[in-house]
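Thanks for making the time this morning.

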Amino acid sequence: MSSAAELAETVAKVSRLVDPNAPVQVIDQRSGSMWSSLMAALGAWELLYLLATRDLTIRYRQTVVGIGWAVLNPLLMMLVLSVFFGVLGRIGPAGVPYPPFLLSGMVMWRLFESALGRSNDSLISNVALIDKVSFPRLVLPVASVLSPLVDFAISLVVVAGVMMFYGVVPLTEALMLPVYILVTVLSALGFGLWLAGLNAHYRDITHILQVVLRLGFYASPILYSLDLVPSEYHLLYAMNPMVTVISATRHALCGSYEAIVAPTMGMWVVSLSVSLTALISGLFVFNRLEKRIADVL
Amino acid sequence: MTSAIVVEGVSKRYRLDRRSPHDTTLSAAVVGSVRAPLKRLRNLMVPREDQVHWALRDISFRIEHGECVGLIGRNGSGKSTLLRIISNLTLPTTGRVMIQGRVGSLLALGVGFNGELTGRENAVMSAVTLGMPRREARSRLEEMIEFAGVRDYIDVPVKRYSTGMRVRLGFSVMSTIEPEILLIDEVLGVGDDEFRQRSQDRMNELISSGRTVLLVSHIRRDINMLCSRTIQIEQGCMHQHRPTPNGLHIPETMARVVAGNEALGKDTPELELLKKKEEPEPSDASA
C-alpha cells in the first residue's frame, strides 16, 4: 500500500508533466481539415527536408557513378534526340543549333516529369513509415517534388555547358528562371497530389501516368518550337501548363535567336490557372484520400 | 479534459477484399475485370457484408495521466487495431478518441526504418518523424546508440541488422523522445534477456516519472509488473476491465478508474473486488 506521501509525490510528478490546458487531439472521421493538414505539413519542415535528402541519398547510394548520372542522363538523351530530330528529322527552327534548343526545352520537362513520377509513388513507397508513425502525410508528396531539384540544378549546369559550346548567350529573362522553376514544381505538386492519393487506392494510376507523360512530352514544345503550333491554338495549347513554362525557359536561354519567341500573357494566364486549380483541388483530394491510406496500403 | 486518453464508442470496420477462389490466375483476374467492371465498382462503393470485418465494436474507456494500463486479448482480438487508432495511424469508423499530450507509439517491429539508410540516419529520421527537433535528435544520438547497444553497426544500413537490433534501436529512439503518452505493442518480448532487463528498467523509469503508458503484451508477467489495470478485448469487444494484483493496491489508480467509469456512466466492478480484498485474481488472460 503506497503511503500518502508517495501518493502526493506521484500526483505532483504527473501534474508537472501534464498541462491541464494542453491541447486535446480528437481522432474521428471528421478530424483533419484541409487547412489544418496544410499547416501541420508546413510545421514539419525539418521532416520535409530530411525526407527530400533521404530520397537523394537512397537514389545514389548504391550506384557507382553516383550523382554523375544526373549529368550523363540529360547528355545521353540530348545526343539521341539530336540525332533523330535535329539531324535526321530537322524539326527544329532553321538557323538555331538543335542541341541547346532541345536541352533548354527539355530541362523543365524532366523536372516536371520526375517530380510527378516521384509524388505518384510517394505514398506507396513509404508504406513502412505510414504504417508505423503518425505524421502529416502531406509531407511525403511535397518532399518528393523537392528532391528532383538537385538533379535539375545539375542538369542546368549541363545546359550552360552546351550553350557555351555553341556560343548561345542567354537573355536577361534568364533571371526569371527561379520563378519558372517554382511554377513547374507547384504544377507538379498539384497533379502529384491527385496521383499520390489515387494511386494508393487504385494502382491503375501508375499505368495511366506513363501514357499521359509520354503524350505530354509530345504535347509540349520540347522537340519542336512553340510557333510550330498555329497561334490561334496557342491558348488551347497552353491548357497543358508546361507549355508556357517550357517555352518561357527556352526563350530566356536561347532567345537571342529571333526564331525563338516568348509565350504570350494570355498563355501565362491559362497555364497558371490550370496549375493553380490542380494545386488547390489536389490539396483537397489528397486530404480526403489520405484518411483511409493506412487501411488500403 | 483531464484524462490522457479517452476512447468513446470506437468501432472499426475493415474491408476484406475477399477474392473468389477461381480468381487466382492472371488470366482469370483479367477476364474477371473485363467481364464485370461494374460489379467491381459496385463492391467498392457498397461493401457486401461478407466483404467487411468489424475489428472493433463500441470500445469505451479512459486512461488517466500517469497510469500504466495493459491491453490484453488473443491474437486477432483487435488490440493492435485499437493501438493504431490511438496512435492516429488509422481513423475509427465510428466513435472518437481524445488525447492530451505528446504520443509516442512503438508498434510491432521498428518505427518505420528504411533499410537503405544507416542506423544513424534512421535514428535521426525516426526521432524527427516522431516530432523531435533535428538539432535535439542529433545531440541525443549518442544516448540512443548507447542504449540500443548497436555502436559497432551504427553506420551500417539497417537492412543488414538483425531483428533484435532493429527493435532495440526502435525502442531506444522512441524512449528518448520522452513522449507523455507511450503506446507499446508487444515489443518488449523481443531482444535478449539483457536488453529486456534494460528496457524494463527504462519502462519503469518512464512510468514512475508520471508518463502514461498503454501496453499490449501477451506476457502476463510484464503486465503484472508494470500495469495498474488491464483491459481485455475479445473479438473486437470489451471483455473485462480490471485492476491487476499490483494495481489493486494502488488507491489512486482505483480512484481514477472509478472516476473514469463514472464519467462514462458505467459502474466499476473492480470496487467490489477491492472490497472483498480478493487475493491474486485467477489468471484471466488465457492468451
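How many bridges join strand 1 of chain B to strand 4 of chain B? There are five of them, and the two strands run antiparallel. As one example from this pair, Val6(B) has Met98(B) as its bridge partner in strand 4 of chain B.

Before I go further, a word on conventions: this is a predicted model, in which local features need pLDDT of at least 70 and side-chain atom pairs count only at pLDDT 80 or more, while totals for chains, interfaces and linings use all residues. Residues are numbered from 1 along each chain as its sequence is written, chains are lettered from A and ligands numbered from 1 in the order in which they are written, and side-chain values use heavy atoms, with hydrogens and water left out. Helices (H or I, at least four residues) and strands (E, at least two) are DSSP runs, numbered from the N terminus, and two strands are said to pair if DSSP finds at least two bridges between them.

Let me start with the sheet. Strands of a sheet pair through backbone hydrogen bonds, either parallel or antiparallel. Here four strands form an open sheet in the order 1(A)-4(B)-1(B)-2(B), with antiparallel pairing. At the edges are strand 1 (24-27) of chain A and strand 2 (52-64) of chain B, each of which pairs on one side only. Neighbouring strands of this sheet are turned by 20° against each other on average, direction ignored.

Going through the remaining pairs, strand 1 of chain A is joined to strand 4 (residues 94-100) of chain B by four bridges, again antiparallel, and Ile27(A) stands opposite Val97(B) there. Strand 1 (residues 3-15) of chain B pairs with strand 2 of chain B over nine bridges, also in the antiparallel sense, and Arg15(B) has Val52(B) as its bridge partner in strand 2 of chain B.

Lys12(B) lies in strand 1 of chain B and Asp295(A) in helix 14 (residues 293-296) of chain A, so the pair joins two chains.

Now to the helices of chain A. Axes are lines fitted to C-alpha atoms, for helices over the stretch in contact, and angles run from 0 to 180 degrees between N-to-C directions. Angles under 35 degrees count as roughly parallel, over 145 as roughly antiparallel, 65 to 115 as roughly perpendicular and the rest as oblique.

Helix 9 (residues 177-201) of chain A packs against helix 12 (residues 241-254) of chain A at about 160°, with the axes 10 Å apart, and these two helices are therefore roughly antiparallel. The contact (heavy atoms within 4.5 Å) involves residues including Phe191(A) of helix 9 of chain A and Met242(A) of helix 12 of chain A.

Helix 5 (residues 98-121) of chain A and helix 7 (residues 139-146) of chain A pack at about 155°, their axes 8 Å apart, and are therefore also roughly antiparallel to each other. Among the contacting residues are Arg118(A) of helix 5 of chain A and Pro141(A) of helix 7 of chain A.

Finally, the axes of helix 7 of chain A and helix 9 of chain A come within 10 Å and cross at roughly 140°, which makes helix 7 of chain A oblique to helix 9 of chain A. The contact is made by Pro141(A), Val142(A) and Val145(A) of helix 7 of chain A and Val185(A), Ala188(A), Leu189(A) and Leu193(A) of helix 9 of chain A.
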